[in-house]
Amino acid sequence: MDKFTNSAWFMRIVAFALAALLFISINFEMESDKKSLGLSTAPEISTETIENVPVEVYYDRENLVVSGVPETVDVTLKGAKSLLINAKNQRDFKVYVDLSDPAISMGDRTVTFKISDLNEKLVATIDPEYAEVNVQERVTKEFSVEAEYNSSLLEEGYTAGQPTVSPKTVKITGAKDAIEQISYVKANLEISKGLNETVNSKATVKALDRDLNKLDVTIEPSSVAVSLKVSIPSKTVSIAPKQTGKAKDGIRITSISVDPKEVTLFGSETSLEKIDEINLPVNISKIDGDTELELDLNKPDSVQKMSLGKAQVKIRTEKVDVDEENAEPVLEEEEPETEQKQEEQVVEEKPEPEEEDEPAAIESKTFNNIQIVPVGIRDDQDAELESDVTSITLLGEADDLKKITKDDINLTVDVSNLDEGTHDVDLAVTVPEGVEWELDSKTVSVTITQKDEET
């Protein structure tokens, strides 16, 4: 055995076996490494295009504004298919433009797109390769906001006041040249057709140049509250009952009265100017005695609406003999008049001076410290009156004034359509019928504030 192991051939055979084992081991490890890297001994090279890859821009955002950089680009990758699939699914690479150099100059410039965090075994092509950008100084300026709306959407007869905005100013930030181009700052109130009531809504603010083109700027706040007061002209006219038909035999109509005596009409000013009263036809042909009726008021075609649609009519009658009702007055034969009779007749026909009723004297009575009550306060607002009491003077007949107390007088101020701020608002006065009133001031100053939101 020792002779065999010490022979040259034995040593050759052992060396060959060891070399073969070493070769097999090294190749096995290389194949394992290639597989772990997604490579093969003959890797399959492919290309893949990834669309709409976001572009990041690095620059001094506090002092500069950069425009012209596209939001996305397309990236074409080339490399091993397994790596392409992973890059497409993960999208863990970034496309960016670097303008972070503090010494960068203002104005137009050409910049190339760069890519980071991409596997080094992949080759990337970016479309487009570069961008024409503009670098400007960042400027913030305060502008007044003007509200606008389409007046053609108002219903016929209705009118609208000047829209108000809150807050009245906004801060606009952008490139210096863009800020300098701002000619209008508008808040357009979007309303539907057939507008017939006051509108309180939010409106988006836009900055426009002189040609009404929208500018690329940042507006804070981006929307404002807009209030548009819509109303319709009104006119109060009397209701005039008009007798129609013929009364029954034996019935005489002594009076016809209506309650209420007036109605308020709403419509365009030109239409209301032509109307002084509303006729209410009352047919008396079926009346047998004193009667009360509820009759419809006929709305004129030119009027949009009326404050009421019906009225109460009271008819008072008396019974008479048919012969008396139809009797013709009897004419007596005239005798020749003597001169003496003519003189007597002249004396008899001379009218006696009638005593005229003296008109009742008008007196005045002043009430002090009458409370002013605000009405229509919204839940999110507070209303503060500059003075919540005032004095009022009533004018009328002495007997009427004696019966009136403070409890018969109501002073209110409508704040339902007021925005935040201070406003002069008309006082609404309610006093007993038959008396007139006078105020030192017919308006009161009201300050509207927003309630603090509860936390």
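Among contacts between residues at least 6 apart in sequence, 70% join residues at least 24 apart in this protein. The model is predicted. Its secondary structure comes to eight helices and 32 strands. Of the 455 residues, 29% are buried. The protein exposes about 31,700 Å², and carbon and sulfur atoms supply 46% of that area.

One part to follow through the model is an open sheet of five strands, ordered β6-β4-β1-β3-β7, in which the pairing is mixed. The edges are taken by β6 (114–116) and β7 (123–127); each has a single partner strand, so one side of each is left without a neighbour in the sheet. From one strand to the next, the twist averages 35 degrees.

Strands β1 and β3 pair in the antiparallel sense over eight bridges, and I50 has V75 in β3 as its bridge partner. The pairing of β1 with β4 is parallel and runs over four bridges; here V55 has V95 in β4 as its bridge partner. Strand β4 (residues 94–98) in turn pairs with β6 in the antiparallel sense, over three bridges. Y96 stands opposite K114 in β6.

Helix α3 (residues 81–90) packs on this sheet, where it touches β1 (45–58) and β3 (72–80). The direction of helix α3 makes about 155 degrees with that of β3. A salt bridge also involves this region: E48 pairs with K88, and the closest N and O atoms are 3.0 Å apart.

A search of the whole structure finds seven salt bridges. Side chains of opposite charge can pair when their charged atoms come close. One of the salt bridges joins E148 and K186, at 3.7 Å from N to O. E148 is in strand β9 (residues 146–148) and K186 in strand β13 (residues 184–188), so placed that the pair links parts of the chain 38 residues apart. K186 is buried, with a relative accessible area of 13%, whereas E148 is partly exposed at 31%. Together with E146, E148 and K186 are linked in a network of salt bridges.

Another salt bridge is formed by K235 and D276, whose closest N and O atoms are 3.6 Å apart. K235 lies in strand β18 (residues 234–244), and D276 in the loop between α5 (269–273) and β21 (277–283), so parts 41 residues apart in sequence are tied together by the pair. K235 is partly exposed, with a relative accessible area of 25%, while D276 is exposed, at 60%.

Strand β27 (residues 389–397) pairs with β31 in the antiparallel sense over four bridges, and T393 stands opposite E438 in β31.

On the surface, V14, L18 and L21 form a nonpolar patch with about 280 Å² of accessible area together. L21 is found in helix α2 (residues 8–36) and is exposed, with a relative accessible area of 56%.

Technical notes: Residues numbered from 1 in each chain as written. Predicted model: local features only at pLDDT ≥ 70, side-chain atom pairs only at ≥ 80, totals over all residues. Heavy atoms only, no water. Pairing = 2+ DSSP bridges. Helix = DSSP H or I, 4+ residues; strand = E, 2+ residues; numbered from the N terminus. Axes fitted to C-alpha atoms, helices over the stretch in contact; angles between N-to-C directions. Contact = heavy atoms within 4.5 Å. Patch = residues over 30% accessible without salt bridge, like charges linked within 9 Å, V, L, I, M, F, W, Y side chains within 5 Å. Areas by Shrake-Rupley, 256 points an atom, 1.4 Å probe, with all protein chains shown as cover. Salt bridge = Lys/Arg side-chain N within 4 Å of Asp/Glu carboxyl O. Buried < 20%, exposed > 50% of the residue type's maximum accessible area, 1.4 Å probe, protein only.
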